[in-house]
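I opened this model to look up a few residues, the pocket and the cores. My entries follow in the order I made them.

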Amino acid sequence: MELGATVCLPSSPKCLACPLLSICESKSDALPVRKMKPERRKSDMTLLLFYDKTGAAVCKRREGVLQGTYAFFTVECAMDETELARFLRECGLTEFVIGAPKSHRHVFTHLEWNMTAYPVFTEENVTSLQSPEGIPCTPFSDLLFTPVREIEEKYSLPSAYRWCLTILKKSSFR
């Protein structure tokens with residue numbers, strides 16, 4: 001008989017129906033208490049979907065969750081359009097157009113990413129840009145421009161980032 005599954009239940013033990021009541025040492029006093037799950041760690045992220053006439057920029061994640069898979073340029077904080085334009089100028093980008101942002105929440109078992117993606121059209125070489133001190137983000141030198149169709153078909157882009165492909169497809173590549 002499975003006493004632990006049918007009689008000796010943590011939330012509502014049925015001690016009077018237990019065949020071991022006379023020798024039981026816990027008698028609903030010392031039943032194990034289920035541990036509370038820790039709250040998910042939440043992170044705000046800004047994704048920059050750099051693109052030009054040839055394609056879009058992706059990079060391989062070097063560390064952390066989803067290491068070794070491909071992603072889009074990530075700044076590890078929330079930015080609005082004004083802050084984003086300032087960030088790009090501080091990095092050395094002079095001519096660019098920022099498209100309308102889209103937001104997405106991706107939930108893992110232990111963490112939650114609140115992401116806002118901005119399409120950024122530029123014909124400048126973004127791989128030579130330098131990020132300002134103190135702002136954790138993807139190294140610009142890791143970016144690789146490739147046609148969006150190839151990103152879909154040939155790169156291991158996890159679902160946490162796959163939703164951004166729709167934004168890139170709606171952006172103008174002409």
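Is Cys 15 buried, partly exposed or exposed? I find Cys 15 partly exposed, because its relative accessibility is 21%. The terms are set as follows: buried means under 20% relative accessible area, exposed over 50%, and partly exposed in between, with a 1.4 Å probe and protein chains only. I note that the model is predicted, that local features need pLDDT of at least 70 and side-chain atom pairs pLDDT 80 or more, while totals for chains, interfaces and linings use all residues. Residues are numbered from 1 along each chain as its sequence is written, and side-chain values use heavy atoms, with hydrogens and water left out.

**Entry: around Cys 15.** I placed Cys 15 in the loop between helix H1 (3–6) and S1. Helices (H or I, at least four residues) and strands (E, at least two) are DSSP runs, numbered from the N terminus. I then checked Ser 26, which is 11 residues from Cys 15 along the chain. Their C-alpha atoms are separated by 9.7 Å.

**Entry: the largest pocket.** I looked up the space first: about 490 Å³. A pocket here is an open set of points on a 1 Å grid over the protein atoms alone, where a 1.4 Å probe fits, with protein on both sides within 12 Å along at least five of seven lines; lining residues have an atom within 4 Å of a point. The volume is the space filled by probe spheres set on the points, which are joined across faces, edges and corners. The lining has 21 residues, and Arg 61, Glu 63, Gly 64, Thr 74 and Glu 76 are the closest to the pocket centre. Strands S1 (41–51), S2 (56–60) and S7 (111–121) each give two or more residues to the lining. S1 gives the most, with 4. I sorted the lining into 9 nonpolar, 4 polar and 8 charged residues. For this, Ala, Val, Leu, Ile, Met, Phe, Trp, Tyr, Cys and Pro count as nonpolar, Asp, Glu, Lys and Arg as charged, and the others, Gly among them, as polar.

**Entry: the cores.** The largest nonpolar core has 26 residues. Such a core is a set of buried Ala, Val, Leu, Ile, Met, Phe, Trp, Tyr and Cys residues joined through side-chain atoms within 4.5 Å. Leu 47, Leu 49, Phe 72, Trp 113 and Tyr 161 touch the most other members. S7 gives the most to this core, with 5 residues. I also found a second, separate core of 22 residues, including Cys 59 and Phe 140.

**Entry: Trp 113 and its rings.** Trp 113 is buried, because its relative accessibility is 5%. I counted 8 aromatic pairs in the structure. Rings of Phe, Tyr and Trp (its six-membered ring) pair if their centres lie within 6.5 Å; planes under 30 degrees apart are stacked, over 60 edge-to-face, the rest tilted. Phe 108 and Trp 113 are edge-to-face, because their planes stand at 70°, with centres 4.9 Å apart. Trp 113 and Tyr 161 are tilted, at 6.0 Å and 55°. Trp 113 lies in strand S7 and Tyr 161 in helix H4, so this pair ties together parts 48 residues apart in sequence. Tyr 161 is buried, at 0% relative accessibility.

**Entry: His 106.** I found His 106 in strand S6 (residues 102–107). His 106 is buried, at 14%.
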